[in-house]
Amino acid sequence: MTKPTIIGLTGSIGMGKSTVAAMFEAAGVPVFDADAEVRAMQGPGGSLNAAIEEAFPGSTGPEGVKREALGKLVFGDKEALGRLEAIVHPAVGKNRMKFLSDHADAAMILFDIPLLFERGGHEGVDAIVVVSAPADVQRERVLARAGMTEEKFEHILSLQVPDSEKRERADYVIDTGTSLEETQAQVAALIPKIAARCG
Ligand SMILES: CC(C)(COP(=O)(O)OP(=O)(O)OC[C@H]1O[C@@H](n2cnc3c(N)ncnc32)[C@H](O)[C@@H]1O)[C@@H](O)C(=O)NCCC(=O)NCCS
Ligand SMILES: Nc1ncnc2c1ncn2[C@@H]1O[C@H](COP(=O)(O)OP(=O)(O)OP(=O)(O)O)[C@@H](O)[C@H]1O
């Protein structure tokens, strides 16, 4: 049996990863969403909550991890973020391997991984797709989110490989600074291209 072609989808904060991943999924490509995995493992009864509570006392409750409060603790404190990542990332990696074996017969699968370059995940994928929009569009989108501040946004940006570098390292770039329809058309055109390149 041939192995599925693995697409690694990434992009900086607010660039449109989740939106573009949903477009791939609607086109029939199974999607592994790293952020969604984290949210599930940090939700009510989540498997990571006990370890996170131990490392960050008071950071969880019946609703699971208090994300905004934990974000305030770790975004701005590299050591604290490192401790959180050491709890979260191995669990995400394990789930990704399970997803891969569960979809071993798919022609193509997509990993939506915000920190693909930062964590070296790009080495395990067949095609890297970066979602990107002009910086002013990104800023406007992110600052419109509840609980977001200029300071938090700048700090998160400083933790991520810059958009310009991501674009350079991409096999394909999807522009999300345009309408959703135009982005959708780019996704529809890209799928057969990746199939032809990797198949
Ligand atoms: C600290 C947490 C609880 C805050 O949750 P919250 O819902 O407020 O923010 P959210 O997860 O949507 O992240 C906001 C933005 O920051 C980015 N981000 C999150 N964690 C990191 C990180 N470790 N390094 C760089 N960017 C990050 C996200 O990709 C997103 O663009 C959460 O981000 C978390 O658990 N982060 C650590 C796990 C992680 O690295 N997740 C991202 C990749 S799987
Ligand atoms: N052409 C477009 N393509 C993608 N998203 C768009 C487009 N036009 C507007 N948007 C909006 O931009 C936002 C992008 O958010 P999305 O959650 O997809 O980004 P993300 O990269 O997954 O964010 P994060 O890094 O914070 O998890 C959505 O609200 C989406 O509706």
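Residues are numbered from 1 along each chain as its sequence is written, and chains are lettered from A and ligands numbered from 1 in the order of writing. As the model is predicted, local features require pLDDT of at least 70 and side-chain atom pairs count only at pLDDT 80 or more, whereas totals for chains, interfaces and linings use all residues.

An open sheet of five strands, in the order E2-E5-E1-E6-E7, is formed with parallel pairing; here strands (E, at least two residues) and helices (H or I, at least four residues) are DSSP runs numbered from the N terminus, and two strands pair if DSSP finds at least two bridges between them. The edges of the sheet are E2 and E7 (172–175), each of which pairs on one side only. From one strand to the next the twist averages 20 degrees, where axes are lines fitted to C-alpha atoms, for helices over the stretch in contact, and angles run from 0 to 180 degrees between N-to-C directions. In general, strands of a sheet pair through backbone hydrogen bonds, either parallel or antiparallel.

Taken strand by strand, E2 and E5 are joined in the parallel sense over three bridges, with Asp33 having Asp112 as its bridge partner in E5 and Phe32 having Phe111. Five bridges link E1 to E5, again in the parallel sense, and Gly8 stands opposite Phe111 in E5. Val130 has in turn Val173 as its bridge partner in E7, and E6 and E7 run parallel, joined by four bridges. Helix H2 lies across E2 and E5 and runs at about 55 degrees to E2.

Ala127 of E6 counts as buried because 20 C-beta neighbours fall inside 10 Å. The C-alpha atoms of Ala127 and Ile7 are separated by 4.9 Å, although these residues are 120 residues apart along the chain.

The largest nonpolar core contains 35 residues, of which Ile7, Leu9, Val20, Phe24, Leu110, Phe111 and Val129 touch the most other members; such a core is a set of buried Ala, Val, Leu, Ile, Met, Phe, Trp, Tyr and Cys residues joined through C-beta atoms within 7 Å. At least two residues of this core are supplied by each of E1 (5–10), H1 (17–26), E2 (31–33), H2 (34–41), E5 (108–112), E6 (127–132) and H9 (180–198), and the largest share, five residues, comes from E6. Beyond its neighbours within four places in sequence, Phe24 is in contact with Val29, Val31, Leu110 and Val187, contact being defined by C-beta atoms, placed from the backbone, within 7 Å. In soluble globular proteins, nonpolar side chains tend to be buried together.

The surroundings of the ligands were examined next, a residue being near a molecule or strand if its C-beta atom, placed from the backbone, lies within 6 Å of it. Around ligand 1 there are 20 residues, of which Ile13, Arg67, Gly71, Pro114 and Leu159 come nearest. H2, H4 (67–74), H5 (78–102) and H7 (150–159) each supply at least two residues of this shell, which divides into 14 nonpolar, two polar and four charged residues; Ala, Val, Leu, Ile, Met, Phe, Trp, Tyr, Cys and Pro count as nonpolar, Asp, Glu, Lys and Arg as charged, and the others, Gly among them, as polar. Around ligand 2 there are 17 residues, and those that come nearest are Gly16, Lys17, Ser18, Thr19 and Thr176. H1 and H9 each supply at least two residues of the shell around ligand 2, and the largest share, four residues, comes from H1. The residues of the shell around ligand 2 comprise five nonpolar, nine polar and three charged.

Methods: Buried ≥ 20, exposed ≤ 12 C-beta atoms within 10 Å, placed from the backbone. Contact = placed C-beta atoms within 7 Å.
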